[in-house]
Amino acid sequence: MKLEKRDSAAPTPDRMPETAPPAGNTPLSGEALPDTKQPVAGEAPVAGEAPIVGQQPVAGAGSPEGKPSPAGKKPVIVYIMILFIAAFLLMALSFAMHQRSNTEALGELQTSVSALREVQATQDKNILLQEELGDAQKELDALTEELAKATEAATQTQLCNQALLALHALQQQYSASDFDACRQTLQTMDDAKLPDSLPKDAAKGVTPPHQRYEQLREAVMNH
């Protein structure tokens, strides 16, 4: 029974089984298998190697020039814009700080100038007051000198009057022949130095008082 089954299953020369021709995927004996390695994402195919059917080329990897895609340029542009904005903000901040510093320095300078002007005005006022004080002092000195001269003249006039009155009394006493009173009057006049105050000049034809005093003195002493 087993032999019959083997015989019926074995093919005969007249009846060969129909076989499908090789589709290229079944390797023949002794034939090398093709490399079916799947390419890595982003890896470009090897030069001279045909791309595998159904494989999509990686963006930017298969271009012969090797230029990045526009999507890869955007981060660089954004980064440059951020740097530009940051530099602009730093420049604006520096300018504002510099302007503030200049404003403060200008304010301090204006304050110093105002203070110097006030000091200068005060100095000018003091100089003017000193000049006025000097003029007033000169006027005071002149008035003091005039007062001294007037006082001296008044004193001389008073002494002259006293001397003339004493001379008149001496002459009256001499006319009355009261020689004792004459000697007493002469002593009083000498003690007060009145003879020096007697005028030495007189009108024409009139004996000067000082000369008259000398005549009476000599007459009294010789009597």
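The rings of Y174 and F179 have their centres 6.0 Å apart and their planes at 80°, so they sit edge-to-face. Here is the rule behind that: rings of Phe, Tyr and Trp (for Trp, its six-membered ring) pair if their centres lie within 6.5 Å, and planes under 30 degrees apart count as stacked, over 60 as edge-to-face and the rest as tilted. Are these two residues buried or exposed? Y174 is partly exposed at 30% relative accessibility, while F179 is buried at 15%. Those words have cut-offs: buried is under 20% relative accessible area, exposed is over 50%, and partly exposed is in between, using a 1.4 Å probe and protein chains only.

A quick word on the ground rules. Because the model is predicted, local features need pLDDT of at least 70 and side-chain atom pairs count only at pLDDT 80 or more, though totals for chains, interfaces and linings use all residues. Residues are numbered from 1 along each chain as its sequence is written, and side-chain values use heavy atoms, with hydrogens and water left out.

Now step back to the whole chain. Helices (H or I, at least four residues) and strands (E, at least two) are DSSP runs, numbered from the N terminus. Of the 223 residues in the chain, 9% are buried. Take the contacts between residues at least 6 apart in sequence: 51% of them join residues at least 24 apart. Contact here means heavy atoms within 4.5 Å.

Follow the chain out of α2 (70-175) and you reach S177, in the loop between α2 and α3. S177 has a positive phi of about 60° although it is not a glycine. This serine is partly exposed, with a relative accessible area of 47%.

Next comes a meeting of two helices. The axes of α3 (residues 179-191) and α4 (residues 209-222) come within 10 Å and cross at roughly 130°. That makes α3 oblique to α4. Axes are lines fitted to C-alpha atoms, for helices over the stretch in contact, with angles running from 0 to 180 degrees between N-to-C directions. Under 35 degrees is roughly parallel, over 145 roughly antiparallel, 65 to 115 roughly perpendicular, and the rest oblique. Which residues make the contact? From α3 come F179, C182, R183, L186, M189 and D190, and from α4 come Y213, R217, V220 and M221.

What does S197 touch, not counting residues up to four places away in sequence? Its partners are Q156, L159, C160 and A163.

Our last stop is H210, in helix α4. Leaving aside neighbours within four places in sequence, H210 is in contact with P195, L198, P199 and K200. The C-alpha atoms of H210 and L194 are separated by 10.0 Å, and the two residues are 16 residues apart along the chain.
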